[in-house]
Amino acid sequence: MTLRAALRDVELGQVPVARPTGRLVGASGLLLESAGCTLHTGQRCRVETAAGEWVEAQVVGFREEIAYLMPFRAIEGLATGARVLPLAERRLPLIGPGWLGRIVDGLGEPMDGLGPLSGEHPLPAQPPRVHPLRKQPVHEALDVGVRAINGLLTLGKGQRVGLMAGSGVGKSVLLGLITRQTVADVVVVGLIGERGREVREFIERSLGAEGLARAVLVVAPADESPLMRLRATELAHAIAAHYRDQGQHVLLLVDSLTRYAMAKREVALALGEPPATRGYPPSVFSQLPQLVESAGNGERPEGSMSAIYTVLAEGDDQQDPVVDTARAVLDGHIVLSRALAERGHYPAIDIGASISRCMNLVASPAQQRAALQVKELLGRYAQVRELLPLGAYVAGADPATDRAVAAFPRMEAFLQQGTHDAAPMAATVAQLESLVQ
């Protein structure tokens, strides 16, 4: 056999004789059913519509010969027998400093019309896992610029905390204040399942031009598919982990963790998983800890990754299953009170119901003593608050309660803050210590 004939045989052997193609055999709600070719979970496919267009979907499960797909975006005009083409493994997007100031969707594609994204490092679809024995501990305070948090609920770099409240109590407003004031090299914001109009408002009012220059926004509004909301949340964690591993101090903000859990519930129920607690399947409560554990510090001491999640308490129920799970797996929780918000007290942080599990690691003993005294005074005042308008409280019976009533106006002024007021850590600690003297 000549060399030319041998090369020809090799080239012909590399040419595929057929392209595997599946057929659409069912469509019910969010779920599409495909048969006719082998697909694996997590694989992406293209589904043909009756108009000849192609829509991208992902394999989320299978049963016997049927593969279950879920589209990334709303899909119309499906027909029985439509072609389903498996896609080759997608190349990982490249991330670098060029991502700062950009807005992307759950697939990492730009939404801001500023052209393609550039970078040098491959960005994995899932955030990397850090071995618990090699994870750097929390040892430095995180200045979030909110007086009530800096003084009484001090956070640390690498801590993960939840903002928990019902609807309309000010979670997003507080998140915007934290975004503007926090001292961090990079801010990664995941707007997951929220109202579409809030995206532009968050960029213009909460970030501004200066804040956007050091931020990356991952957006999946409420009208996106549940699969896109899941991917957007995981992508935000992967982006934050990348900048952390590059030695930068990163703040990850996710609004909201509840919408992520709801998206996971939609996918699980569509696959036939039985509902458990308040309609949430068991897989939701196993997925939340996996997501949260991907945040936090990494193995290198140079960088850090702090995370703040908003958690919606449906009906102001602090025993909501998602709220309860988040409270168990996070490093602290900040509860917003509707009663405070109705009195015009902003940010409406309920100090007595909130806790930072890392405060004792990053705050000085003097600050911890002062914070404990303020919490005690607030607790005593709460016991007699309803008696004061009625004239039923008689001063002199308890000196500690008298002191709490006298000090309450100053404590309330300390805890309130305007949406554009700055409260640096050093000044806040000094005010706190003078408050209890």
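I started with R200 and E204, and both are exposed. My cut-offs for relative accessible area are over 50% for exposed, under 20% for buried and in between for partly exposed, with a 1.4 Å probe and protein chains only.

A note on what I am reading: this is a predicted model, in which local features need pLDDT of at least 70 and side-chain atom pairs count only at pLDDT 80 or more, while totals for chains, interfaces and linings use all residues. Residues are numbered from 1 along each chain as its sequence is written, and side-chain values use heavy atoms, with hydrogens and water left out.

**Entry 1: charged pairs**

I counted a salt bridge wherever a side-chain nitrogen of Lys or Arg is within 4 Å of a carboxyl oxygen of Asp or Glu. That gave me 17 salt bridges. R200 and E204 form one of them, at 2.7 Å from N to O. Both sit in helix 4 (residues 197-212), four residues apart, or about one turn. I take helices (H or I, at least four residues) and strands (E, at least two) as DSSP runs numbered from the N terminus. A reminder to myself: an α-helix has 3.6 residues a turn, so residues three or four places apart point the same way.

Next I looked at R380, which is partly exposed at 25% relative accessible area. Its side chain meets that of E376 in a salt bridge of 3.9 Å, N to O.

Which other residue forms a salt bridge with R380? I found D398, with the closest N and O atoms 3.1 Å apart. This pair links distant parts of the chain, since R380 is in helix 11 and D398 is 18 residues away in the loop between helix 11 and helix 12 (399-415). D398 counts as partly exposed, at 27%. I also noted that R160, E293 and D331 are joined into one network by salt bridges that share partners.

**Entry 2: the inside**

I then searched for nonpolar cores (buried Ala, Val, Leu, Ile, Met, Phe, Trp, Tyr and Cys joined through side-chain atoms within 4.5 Å). The largest has 56 residues, and I149, I178, L217, I308 and I349 touch the most other members. A second, separate core holds 52 residues, including V216, A220, V292 and A295.

Helix 8 (residues 321-329) has P321, V322, V323, T325, A326 and R327 buried. Among the elements covering these, by contact (heavy atoms within 4.5 Å), I listed helix 6 (257-270), helix 7 (282-293) and strand 16 (304-312).

I searched a 1 Å grid over the protein atoms alone: a cavity is a set of points where a 1.4 Å probe fits but cannot get out, a pocket is an open set with protein on both sides within 12 Å along at least five of seven lines, and lining residues have an atom within 4 Å of a point. Points join across faces, edges and corners, and volume is the space filled by probe spheres set on them.

The largest pocket has about 670 Å³. It is lined by 35 residues, with G42, Q58, A125, Q126 and R231 closest to its centre. Which helix gives the most to this lining? Helix 5 does, with five residues.

I found two cavities of 30 Å³ or more. The largest cavity has about 40 Å³, and its lining includes Q126, R129, Y260 and S294. Helix 7 provides the largest share of that lining, three residues.
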